[in-house]
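Dear colleague,

I am handing over the structure below, and after it you will find an account of what turned up when it was examined. Please read the two together.

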Amino acid sequence: MAKGVKWVQPDPKRKNWYWPTQEAKERAWISDPEVYEKAEADPEGFWEERAQELHWFKKWDKVYEEAPYEFKWFVGGKTNLSYNSLDRHIEAGNGDRVALIWEPEPTDQPGRVLTYSELLEEVSRLANALKEMGVGKGDRVGIYLPMIPEAVIAMQAVVRIGAVHSVVFSAFSAEALRDRMLDCGAKVLITADGYYRRGKPIALKPNADKALSGTQVEKVIVVQRSGSEVPMSMGRDVWYHDLVKDQPTECPAEEMDSEDLAFILYTSGTTGKPKGVMHTTGGYAVQAHTTCKWDFNLHEDDVHWCTADVGWITGHTYINYGPLLNGVATVVYEGTPDHPDYGRMWQVVEKHKVTVFYTAPTAIRMHVKWGEEWPAKYDLSTLRVLGTVGEPINEEAWLWYFKNIGGERCPIVDTWWQTETGATCVQSLPGIGPFVPTVAGRPFPGVRVAILDAGGQELPRGEGGYLVLKPPFPPALLRGLYGDPEKYKGTYFSEYGPGFYFTRDGARIDELGNVRITGRVDDVMNVAGHRLATAEVEDALTQHALVSEVAVVSKPDEVKGEVPIAFLLLKKGAQPSDDLKRELIKTVDAHIGPTARPAEIYFVEDVPKTRSGKIMRRVLKSLVRGEPLGDVATLRNPDSVEDLKRAVGYTG
Ligand code: PRX
């Protein structure tokens, strides 16, 4: 198989537009742009054909069904995500292929490589143990694990027996974990004693203990990873290795209805309370399989490395399900990009001969800062396709990635999607292109999008507006918010009605049909690729006893994309100080986690408000961005603006 391709053919009319070479087209699953037109003419037929590549215990009776606020894919079909990820490949004689490569953070510790057969055995053991605990179809299981093989094993084991996983990012606080476990009503939590971060073991189990007291969680399974001593609660906690030791290595996969719930993943909305995005089985499997295969042009000998954490949708779909559904090797890396030095990621690429590398623009911008000498030390010639996800990528970072990591021969597939869409929806395909900095590409075949204005009118090409998805809704799109059908309708369908899923992103489409995403149009921030609501940070800060009122807005940041900035009014008698700032940061850590720390905290006397008393975040946002403030005369307290200008050093 050809290792990389000679790539660049800049179009003289279009600066920095790249197209696939002939060689790349020949290697690609999809190189004929006709695929778009065919899928547009018959999206249901398109997805039906894609579904046939997977295993179904029973074929569907109907491909798609829609009613207001409700849609179904592969109606009546029976399948299983874990069966398709593991058994299917083993039955095809590929059990000895590598499924999972684990790279621990400490460079002196051995990693782990599991073949598909070995992975299935591990998954089956845990699945049997869960069943023995009384976990059955539809029961929720929490997963609070670091980046270790057991994270993938746990997700696979849960869906294998028809239960529903809800993974919580391991850097989230005890309180965040507690909220999520309570909301989804999990009976069992799978966690670890700890993990390694920058050379040191970090304890995780104490967080779980704090989170779980007084919840309905009956059993806690603890993976031994860091070896740190942890208290085990009698009757509730059990070591993973003791639990699975004597379990049989076979466990039949449950026959799941295509529309049965597979997992719940919490994400930030515009309010302080995260919402449980519900993903079902059949449609998700089909879109995860197809997008992973086509976006990254996966073939059997590929080594796929997605650097996200399993706690995010990117980790769910492109570390676990997507690569495994395609029968390729997936890399699970425990550590950070800068330990023991800035070359760590590239050393891992060289060591495991990674062919597909998928990361976030914020990570690339960090590498840009660290310098091109780090990747230059390693052999990156195995790389074929590069991907980005999570936020708009700026041209400088794109070009740096293209040159220094991809050697100007790998396409950059800029994938737009969301926790809600479950799998990628907009991107260029490696055999079709084009690859253009800041432009994501065309909607995936079978995905219909439009750009609307505020009144719901569809805008012509070239005009910026709001990005919506149109029916038939993509197979992996969420089916609801756990326990809150009204919020589901309100969040996604209140603007334009049930016929349009509102993404809450701004975008425009060029004359060739390529979509350029301009960013969120609501109060959701994108901090270092992590989705976060300004309201969540506000809620956390108000928990501090000395805070009377708080407003959080986002500000662009060179590396992280966006960062939260907090304006705080203290209670009477409280004095601003650096110590208090440190305490406030700790409060945010405790309620959400370090990813939500404000980059700046301003202690102020007042914040701009409307006559009805609502905080004018728009004015604060312009202040921190140095943009024109617009009309502030109608505020209830226009004087507050002058003080704030001084506080933030506004010169706009
Ligand atoms: O604003 C868009 C941005 O990330 C949001 C979704 O965040 P989350 O649910 O955490 O999922 C992130 C990983 C899929 C979107 O509403 N976003 C995602 N991908 C891109 C992007 N913005 C621009 N370009 C992208 N490729």
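**The ligand and its surroundings**

An oxygen atom of the ligand lies 2.6 Å from an N or O atom in the side chain of Arg 531, a polar contact in the sense of a pair of N or O atoms within 3.5 Å (within protein, one must be able to donate a hydrogen and the other to accept it, and residues adjacent in sequence count only if both atoms are side-chain atoms). Please bear in mind that this is a predicted model, in which local features need pLDDT of at least 70 and side-chain atom pairs count only at pLDDT 80 or more, while totals for chains, interfaces and linings use all residues. Residues are numbered from 1 along each chain as its sequence is written, and side-chain values use heavy atoms, with hydrogens and water left out.

An oxygen atom of the ligand is also 3.0 Å from an N or O atom in the side chain of Gln 418, and a nitrogen atom of the ligand is 3.4 Å from a polar backbone atom of Glu 391. The protein covers 97% of the 550 Å² of accessible area that the ligand has on its own (Shrake-Rupley method with a 1.4 Å probe; for residues, only the protein chains shown count as cover). The ligand is surrounded by 17 residues, the closest being Asp 414, Thr 415, Thr 419, Asp 505 and Arg 531, where a residue is near if one of its heavy atoms lies within 4 Å. Helix H11 (residues 313–325), strand E20 (412–415) and strand E25 (515–520) each supply at least two residues of this shell; helices (H or I, at least four residues) and strands (E, at least two) are DSSP runs, numbered from the N terminus.

**Aromatic rings**

The whole structure holds 42 aromatic pairs, that is, rings of Phe, Tyr and Trp (its six-membered ring) with centres within 6.5 Å, counted as stacked with planes under 30 degrees apart, edge-to-face over 60 and tilted for the rest. One of them joins Phe 46 and Trp 47, edge-to-face at 5.0 Å centre to centre and 75° between the planes, and both residues are buried (under 20% relative accessible area, with exposed over 50% and partly exposed in between; 1.4 Å probe, protein chains only). Another is formed by Phe 296 and Tyr 318, whose centres are 6.1 Å apart and whose planes stand at 80°, so this pair is edge-to-face as well. Because Phe 296 lies in the loop between helix H10 (282–295) and strand E16 (303–306) and Tyr 318 in H11, the pair ties together parts that are 22 residues apart in sequence.

**Helix H13**

Helix H13 (residues 361–370) is mostly covered, with 7 of its 10 residues buried, among them Arg 365, His 367 and Trp 370. Just after H13, Gly 371 takes a positive phi of about 110°.

**Backbone geometry to check**

Most residues other than glycine have a negative phi, and most peptide bonds are trans. Cis peptide bonds join Gly 433 to Pro 434, with omega about -5°, and Pro 471 to Pro 472, with omega about -5°. Arg 198, although not a glycine, has a positive phi of about 50°, and Arg 198 is partly exposed at 45% relative accessibility. Lys 353, in the loop between helix H12 and strand E18, has a positive phi near 50° and is exposed, with a relative accessible area of 53%.

With best wishes
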